[in-house]
Amino acid sequence: MAVDVKYETKARATGGRDGAAETLSGSFSVKLATPKELGGSGGDGNNPEELFAAGYAACFIGAMKFVGGQEKIAVPADTSITSTVGIGPRSEGGFGLEVALEISLPGLDRTVAEDLVAKAHQVCPYSNATRNNIDVKLTVV
């Protein structure tokens, strides 16, 4: 599937889960730390799953705004998504992820909200990247 790329960014990671990552533009830098649940020391750094959870939530709101604009649906300014990303061993070997997005669209009719979420899930690049690869659960709260 070809993508007509309109924007790209570059980031570099060093040291793996106990290292650091930064964009090559210098606009973002983060210290990384492995969670205790994955055998690390925890520490005050972030981990890739936290970064993925934040990115997916932000991107999905963008997808809802895109669909809302097409369908003349005003996405509430106080819309929020709580994204939960889980990681663990897969029965087939290796490790896998699962995602749950709890989507809050205050003041929007539930049927309209659920339709908006379903359509956003079809256009969101994170959803397209994960489709048929990991379980993604969407819940309008």
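I will speak about charged pairs and then about one surface patch. Please bear in mind that this is a predicted model.

The count of salt bridges comes to six. Let me begin with Asp4 and Lys6, whose side chains meet in a salt bridge with an N to O distance of 2.9 Å. Asp4 is exposed, because its relative accessibility is 57%, and Lys6 is likewise classed as exposed, at 73%.

Next, Glu49 and Arg17 form a salt bridge at 2.6 Å, N to O. This pair links distant parts of the chain, 32 residues apart: Glu49 belongs to helix H1, while Arg17 sits in the loop between strand E1 (11-14) and strand E2 (20-23). Is Glu49 buried or exposed? With a relative accessibility of 10%, Glu49 counts as buried; Arg17, at 27%, is partly exposed.

A further salt bridge joins Lys119 and Glu71, with the closest N and O atoms 2.9 Å apart. Lys119 lies in helix H2 (residues 110-123) and Glu71 in helix H1, so this pair ties together parts separated by 48 residues in sequence. Lys119 is partly exposed at 32%, and Glu71 is partly exposed at 35%. Through salt bridges that share partners, Glu71, Asp115 and Lys119 are joined into one network.

Leu38, Ile87, Phe95 and Leu97 make a nonpolar surface patch of about 330 Å². Of these residues, Leu38 is located in the loop between strand E3 (29-31) and helix H1 (48-71). Leu38 has a relative accessibility of 32% and therefore counts as partly exposed.

Thank you for your attention.

Notes: Residues are numbered from 1 along each chain as its sequence is written. This is a predicted model: local features need pLDDT of at least 70, side-chain atom pairs count only at pLDDT 80 or more; totals for chains, interfaces and linings use all residues. Side-chain values use heavy atoms; hydrogens and water are left out. Patches are made of residues with over 30% relative accessible area and no salt bridge: like charges are joined within 9 Å, nonpolar side chains (Val, Leu, Ile, Met, Phe, Trp, Tyr) within 5 Å. Accessible areas come from the Shrake-Rupley method with a 1.4 Å probe; for residues, only the protein chains shown count as cover. A salt bridge is a side-chain nitrogen of Lys or Arg within 4 Å of a carboxyl oxygen of Asp or Glu. Helices (H or I, at least four residues) and strands (E, at least two) are DSSP runs, numbered from the N terminus. Buried means under 20% relative accessible area, exposed over 50%, partly exposed in between (1.4 Å probe, protein chains only).
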